[in-house]
Structures are given as structure tokens and as C-alpha cells.
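Biologist: Please take me closely through one part of this model, starting from a strand and its partners. I would like to see what surrounds it and what ties the region together.

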Amino acid sequence: VASVRNFSVSQPHEATLKDIRLRLKSVTNIQKITKSMKMVSAAKYARAERELKNAKVFGVGNSALLEKSEIKGDETQPEHLIVAVTSDRGLCGGVHSGVAKAIKAKLAGKAQGVNTSLVLCGDKLRSILGRTHGEHILMTMNEMGKKPAVFEEASFVAQAVLDTGLEFQHGELYYNKFKSVISYQPTGDEIVSFDTLSQAE
């Protein structure tokens with residue numbers, strides 16, 4: 001006579017009312033935290049926008065001077081300078097990589113015999129370009145941009161470049177031009193040397 005075995009079949013766990021209540025409470029807590037984070041982000045953005053507005057006039061003034069006077073550096077000359085500005089920290093990879101790609105494309109398009117020196121403001125940009133274009137790096141800076149942008153900080157960068165004794169005939173400043181909260185454009189503006197300015201009409 002064959003023996004018969006009894007197998008117990010376990011039923012799928014059914015969510016109890018207590019489980020549902022706990023889940024609802026968890027979701028509600030997450031919603032509260034998310035709402036708080038949105039409020040903090042909105043306040044930080046509003047503050048950054050105010051600070052940007054105050055600093056923007058210096059860039060607009062510089063661009064207007066070069067545009068109205070039609071002063072330009074000589075790109076056919078051998079000594080070039082690129083100053084690039086990003087930040088020291090991550091979590092915004094496109095900000096760093098966009099500027100790095102623009103600089104790489106610019107260096108790739110340079111004619112033979114052109115010596116381009118890089119001044120990099122921001123640790124992230126240094127780590128990206130240091131691997132592939134380390135021989136071009138003249139100077140790196142960090143700990144910038146933690147406070148609102150002021151003229152003294154820009155003057156510090158300019159003076160540091162002048163102190164190197166580099167005599168360049170053509171220069172560019174690369175940065176991310178703000179368009180909206182989720183949109184920015186890697187941009188290159190012209191930098192002219194004192195010699196170029198002094199010889200201009």
C-alpha cells in the first residue's frame with residue numbers, strides 16, 4: 001500500500017489593515033520631506049538668481065566694450081590663453097563636461113604651432129582635462145564660487161594670470177551661460193591682453 005504524504009500549501013501573505021496603515025504613513029512622511037526639500041531648493045535658487053543679477057553687469061560691460069570698440073585678439077599668433085570656470089564638486093556632471101567638451105573641441109581645431117595655456121577654476125574641470133590635456137594646464141584654482149560672485153574674485157584670477165608672465169595674443173573665457181533652471185549653454189567669450197588694448201585705436 002502506497003503511503004500518502006500530506007503537503008501544506010502556504011497562502012500568499014495578505015496585507016492586513018495595519019500594514020496598509022503603516023505604508024500610508026510612510027508615503028505621507030516621504031511627501032512631507034519632499035515638500036520641505038522643494039521649499040529649500042526654491043529659496044536657494046531665488047538667492048542664487050539675485051546674486052547672479054548683481055554680478056552679471058560686469059560681464060555685460062566687458063562684452064559691450066569689446067563689441068562697440070571691435071577690439072579682437074590675433075588668433076593667428078602662436079600664444080593663446082583659455083580661462084575656464086566650473087565648480088569643485090559634482091552632482092551636476094553636465095556643467096563640468098559641457099565646458100570640458102567645448103575646450104577639447106577648441107584645442108583640437110587649433111592650427112599647428114599654436115601654444116595654448118589653460119587656467120582652470122574648479123577641481124572637477126581639472127580632473128577631467130588633467131588626464132587628456134595636462135601638458136596645456138598653466139594653473140588651477142579651487143575654493144571659488146562658494147560665496148556670491150564679486151569683482152575682487154575676478155580680479156584675483158586676472159592678477160594670478162598676469163603674475164605668471166604669460167604673454168598671449170588671443171584669449172577666451174569658457175563658462176556655462178545660464179538660460180533656465182534646467183538649461184545652460186557652454187560659452188566662450190573673448191579675453192584681450194593689455195598689449196592688444198593699448199595698441200587699439
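Modeller: Happy to! Let's start with strand E1, which is joined to strand E2 (residues 115-121) by seven bridges, the two running parallel. E1 also runs parallel to E4, with five bridges between them. Two strands count as paired if DSSP finds at least two bridges between them; strands (E, at least two residues) and helices (H or I, at least four) are DSSP runs, numbered from the N terminus.

A word on the basis: this is a predicted model, in which local features need pLDDT of at least 70 and side-chain atom pairs count only at pLDDT 80 or more, while totals for chains, interfaces and linings use all residues. Residues are numbered from 1 along each chain as its sequence is written, and side-chain values use heavy atoms, with hydrogens and water left out.

E1 is mostly covered, with five of its seven residues buried. Here buried means under 20% relative accessible area, exposed means over 50%, and partly exposed lies in between (1.4 Å probe, protein chains only). Histidine 80 counts as buried because its relative accessibility is 1%. Its bridge partner in E2 is threonine 116, and in E4 histidine 80 stands opposite histidine 170.

The side chain of histidine 80 has two polar contacts to look at. One reaches the backbone oxygen of glutamine 77 at 2.8 Å, and the other joins it to the side chain of lysine 110 at 2.6 Å. (A polar contact is a pair of N or O atoms within 3.5 Å; within protein, one must be able to donate a hydrogen and the other to accept it, and residues adjacent in sequence count only if both atoms are side-chain atoms.) Beyond its neighbours within four places in sequence, histidine 80 is in contact (heavy atoms within 4.5 Å) with residues including Glu75, Val114, Ser117 and Phe168.

Glu75 leads us to the charged pairs. Glu75, Lys106 and Glu172 are linked in a network of salt bridges, a salt bridge being a side-chain nitrogen of Lys or Arg within 4 Å of a carboxyl oxygen of Asp or Glu. Lysine 106 pairs with glutamate 75, their closest N and O atoms lying 3.3 Å apart. This links distant parts of the chain, with lysine 106 in helix H2 (residues 93-108) and glutamate 75 in the loop between helix H1 (17-69) and E1, 31 residues apart. Lysine 106 also pairs with glutamate 172, at 3.6 Å between the closest N and O atoms. Glutamate 172 lies in strand E4 and lysine 106 in helix H2, so this pair ties together parts that are 66 residues apart in sequence.

How exposed or buried are the members of this network? Glutamate 172 counts as buried at 11% relative accessibility. Lysine 106 is partly exposed at 22%, and glutamate 75 is partly exposed at 40%.
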